[in-house]
Amino acid sequence: MSLSTSHLLGIKDLTPQDIELIFATADNFKEVLNRPIKKVPSLRDITIANLFFENSTRTKLSFELAEKRLSADTLNFAASGSSVKKGESLIDTVNNILSMKVDMVVIRHSEPGVPKFLSERVNSVIINAGDGAHEHPTQALLDAYSIREKFGEVKGKKVLIAGDILHSRVALSNILCLKKLGAEIMLCGPATLIPKHIHELGVLIENDIDKALAWCDVANVLRIQFERQDDKYFPSLREYHQHFGVTKKRLDALDKPIVIMHPGPINRGVELSSDVADSDQAIILQQVENGVAIRMAVLYLLASKIKK
Amino acid sequence: MSGSIPLLNHEQILLTIKRIAREVIENHDFSNDSVLIGLQPRGVLFGQKIRDEIQAITGKNVQYGELDITFYRDDFRTRDMPLEPSSTKIDFSIQDKKVVMVDDVLYTGRSVRAALDALLDFGRPSQVEFMVLVDRRFSRHLPIQADYVGKSVDSIESERVSVNWTEKDFQVNLYTPKV
């Protein structure tokens, strides 16, 4: 088995078989991560550049750790403090980095489509680590992988994606990924934060968080993205919390325990209350752990496409 | 000319397992400081048979694990398809233990090289030995030899040794391609 694509630009390009292959490979890397020596030499002749034009904690550390666990050499680039500030264009920046003989590029950028743009213009394997409000494929893969780990399979599971759908690349990638694996999906949030034509992707839409929570097996609660809120989408954070916040009280009112996920960083007391985030129902930290295994699997499978 | 020559039939393999298991317990006490590790994917079935035979002879439990070496191989990316990993199950420490690694066929020695690397990531064994069902002599790329051999065969590069294990039937054949 081999991936059908030679870059990871989005979930859109992956087949269900690709996703299953990534999961099966991640199972093996998860075992490696629990060994006394958590490192394998597979990518020791590969150099990977991590280009983060936008801030990140989890994704950046997770990619970097995954690369190191595979013995790859890594270069780290953050836009702040670089020549981007002097006005260097994206393609110039990337080509300069690639002339240092880099095999793979992990890129995060605030403009949607940047990874695709680069994949058509530079000779390197491109991995999208989040592009604007478009896609964040590795996050969707690790979310689906965490659901698979918790329930045994993703098929037929009812997954709620709650919160700021409009600005969220995690939401779009999650919808595409879970759909390909046969899950049912419901979106919930203020009407202003639900994109107009999103139901065309075959998802249910609900504006009442209590009904939505009662419906689902898993709730993936998304972050309110302050940095992308130029207009007012809801009156206040307090009101958002009252109407859409996932709280202990709301979960206790349900007739079954549901699983709570969050891609991080959490705004405690806004989309998720602290007691829920720290409860046994939340698998937020398992998601982070699985993130390393998933990224190792993606890097390993894409690196095998590079011929020496 | 092409075709297959049987190297070992079912009965011969059963005899080989009995013989080789007795050979290895002359040097090892598997209930104490020795452990058996089968190499994934094709060495584990032979490894399990050896484990069962040793347990039947000694009446004592054998510490047995399975090791996958995919991520340690040196032919990653020279193949058309990525190598598909199997599972690793070693639920005991190999630190200061005598390890006997088990595989089905020893050919170039590259798998054994990778297996040694993989094994050392689990600890520092006091000694490592290697057991193999079929040894394809004179075809090594690396200075590696087996300590326990089921059968030695002389073969050329274009030939293929295939070990077939099913629950009831074991067979080893030598395939010669068309010339």
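This is a predicted model: local features need pLDDT of at least 70, side-chain atom pairs count only at pLDDT 80 or more; totals for chains, interfaces and linings use all residues.
Residues are numbered from 1 along each chain as its sequence is written, with chains lettered from A and ligands numbered from 1 in the order in which they are written.

Chain B contains 3 helices and 8 strands, where helices (H or I, at least four residues) and strands (E, at least two) are DSSP runs numbered from the N terminus. Along the sequence these elements follow the pattern β-α-β-α-β-β-α-β-β-β-β. The radius of gyration of chain B, taken over C-alpha atoms, is 16 Å, close to the 16 Å that the globule rule gives for 179 residues, so chain B is as compact as a globular protein of that length; the rule is 2.2 Å times the number of residues to the power 0.38. Along the principal axes, the C-alpha atoms of chain B fill a box of roughly 50 × 40 × 30 Å. Of the 179 residues in chain B, 40% are buried, that is, they have 20 or more other C-beta atoms, placed from the backbone, within 10 Å of their own. Among contacts in chain B (C-beta atoms, placed from the backbone, within 7 Å) between residues at least 6 apart in sequence, 70% join residues at least 24 apart.

Between the chains, 15 residues of chain B are in contact with 17 residues of chain A. The chain B side of this contact has 7 nonpolar, 3 polar and 5 charged residues, with Ala, Val, Leu, Ile, Met, Phe, Trp, Tyr, Cys and Pro counted as nonpolar, Asp, Glu, Lys and Arg as charged, and the others, Gly among them, as polar.

Within chain A, helix H11 (residues 284–303) packs with H1 (residues 16–33) and with H5 (residues 137–151). The angles, from 0 to 180 degrees, are between N-to-C directions, and the axes are lines fitted to C-alpha atoms over the stretch in contact.

| Helix pair | Angle | Axis separation |
|---|---|---|
| H1(A) and H11(A) | about 120 degrees | 8 Å |
| H5(A) and H11(A) | about 115 degrees | 8 Å |

The residues where H1(A) meets H11(A) include Leu21(A) and Phe29(A) in H1(A) and Val292(A) and Met296(A) in H11(A), and by class this contact has 13 nonpolar, 1 polar and 1 charged residues. Where H5(A) meets H11(A), the residues include Leu141(A) and Glu149(A) in H5(A) and Gln287(A) and Arg295(A) in H11(A), and they divide into 5 nonpolar, 6 polar and 3 charged.

Methods:
Two residues are in contact if their C-beta atoms, placed from the backbone, lie within 7 Å. A residue is buried if 20 or more other C-beta atoms lie within 10 Å of its own, exposed if 12 or fewer, and partly exposed in between; C-beta atoms are placed from the backbone.
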